[in-house]
Amino acid sequence: MSHEPAVAEIRRRLRAPPDRVFSAFAQVEMISRWLTPSPEIKLTVLEFDFRVGGAYRFAYHITGGQVMIVNGTYRSIEPASKIVFTWNIEAPDEHAGLHSQVIIAIMPDGDGCELHIRHERLAQSGAVERHSEGWRGALDQLAALLCSTWAVA
Amino acid sequence: MQQTSALDLTFSALADGTRRSMIRALAGGQTPSAGELGRQFRSAQPTISKHLKVLEEAGLVQRTVEGRVHRFRLRQKPLKEAEQWIARQQAFWTGAVEQLDRLLQGS
């Protein structure tokens, strides 16, 4: 744990060109056929809007009738090379409330490509938003106070 | 407004190199005082106290007070939970890429 500890990372060489691997992430009919941790866990795509700012929502049917729902937003898309999206597991999952992001990098390698997936915690995104909300609130109050003071004056 | 999970707090606390070193120093089950930790890390006492407070709020250390001496002990549970999150994502993507490879070969 000498580096940022909240990271899962995998690299894999694939015998397919970068644009085909990219399509597997970009096309809904492809995604539902592979983006699950095992063949027994089926994926139902509830929402899929593959563009920057677009949202997705996936339902995973885990054996025993349990469902895990993941949602997120596409933050960056570079055709055939890079995709970044947020990854939030919805309640009541034990890991709900932890905001993370996934960075997909696809690099050409001979007749195939190398796929690099980095899943990391989104560092204090919530805390940052809370802070800025706090500041906004404080500034609004200050503005209101100044306005009322001026109104009286 | 977003809700901060206990896990988020753990990862926040672990995001700092000094705090990770402090966790390692406690990993053997020792219960040093704040002063002993300060000498070990050659840091000013207020800095050490601040780090200990963050670790305590994240549930990573437990403080016991013996007179004027505050001793600190590592709590394993949040560390284990953090490891489980990483292991879960690792397993998810390993399994998914396995299936992606098969799909690309098959079609």
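In chain A of this predicted model, strand 2 and strand 3 form a hairpin with 6 residues between the strands, and G53(A) takes a positive phi near 90° there. Strands here are DSSP runs of E with at least two residues, helices are DSSP runs of H or I with at least four residues, and both are numbered from the N terminus. Strand 2 covers residues 42-48 and strand 3 covers residues 55-62; the two run antiparallel and are joined by 6 bridges. Two strands count as paired if DSSP finds at least two bridges between them. Across from E47(A) sits R57(A) of strand 3.

Strand 4 takes in residues 66-78 and pairs with strand 3 in the antiparallel sense over 8 bridges. Here A59(A) faces I69(A) of strand 4. Further along, strand 5 and strand 6 of chain A are also antiparallel, with 7 bridges, and V84(A) has I103(A) in strand 6 as its bridge partner. Strand 6 (residues 99-109) is then joined to strand 7 by 10 bridges, again antiparallel. Q101(A) is partnered by E120(A) in strand 7, and D109(A) stands opposite G112(A). The hairpin of strand 6 and strand 7 has 2 residues between the strands, and G110(A) takes a positive phi near 60°.

Put together, the strands of chain A make an open sheet of 7 strands in the order 1-7-6-5-4-3-2, with antiparallel pairing. Strand 1 and strand 2 of chain A are the edge strands, and each has a single partner, so one side of each is left without a neighbour in the sheet. From one strand to the next, the twist averages 20°. Angles run from 0 to 180 degrees between N-to-C directions, and axes are lines fitted to C-alpha atoms, for helices over the stretch in contact.

Two helices pack on this sheet. Helix 1 of chain A touches strand 1, strand 5 (82-89), strand 6 and strand 7 of chain A, and its direction makes about 155° with that of strand 6. Helix 5 of chain B touches strand 1 and strand 7 of chain A, with its direction at about 15° to that of strand 1. Residues are in contact if their C-beta atoms, placed from the backbone, lie within 7 Å.

Looking at the two chains together, the contact takes 35 residues from chain A and 31 residues from chain B. On the chain A side, the elements giving two or more residues are strand 1 (7-14), helix 1 (18-26), helix 2 (28-34), strand 7 (112-121) and helix 3 (125-152). Helix 3 of chain A gives the most, with 5 residues. By class, this side of chain A has 18 nonpolar, 8 polar and 9 charged residues. Ala, Val, Leu, Ile, Met, Phe, Trp, Tyr, Cys and Pro count as nonpolar, Asp, Glu, Lys and Arg as charged, and the others, Gly among them, as polar.

Within chain B, helix 1 (residues 6-14) and helix 5 (residues 76-106) have axes that come within 10 Å and cross at roughly 95°. That makes helix 1 of chain B roughly perpendicular to helix 5 of chain B, a label for angles of 65 to 115 degrees (under 35 is roughly parallel, over 145 roughly antiparallel and the rest oblique). Helix 1 of chain B brings A6(B), L7(B), T10(B), F11(B) and L14(B) to this contact, and helix 5 of chain B brings P78(B), E81(B), A82(B) and W85(B). By class, that is 7 nonpolar, 1 polar and 1 charged residues.

As for confidence, pLDDT is the predictor's score for each residue, from 0 to 100. Chain B averages 91, and 95% of its residues score at least 70. Chain A has a mean of 84, with 77% of residues reaching 70 or more. Residues 125-139 of chain A stay under 50, and the model has 9 contacts for them beyond four places in sequence. Where pLDDT is low, the predicted coordinates should not be read in detail. The complex as a whole gets an ipTM of 0.82 and a pTM of 0.81 from the predictor.

Residues are numbered from 1 along each chain as its sequence is written, while chains are lettered from A and ligands numbered from 1 in the order in which they are written. In this predicted model, local features need pLDDT of at least 70 and side-chain atom pairs count only at pLDDT 80 or more, whereas totals for chains, interfaces and linings use all residues.
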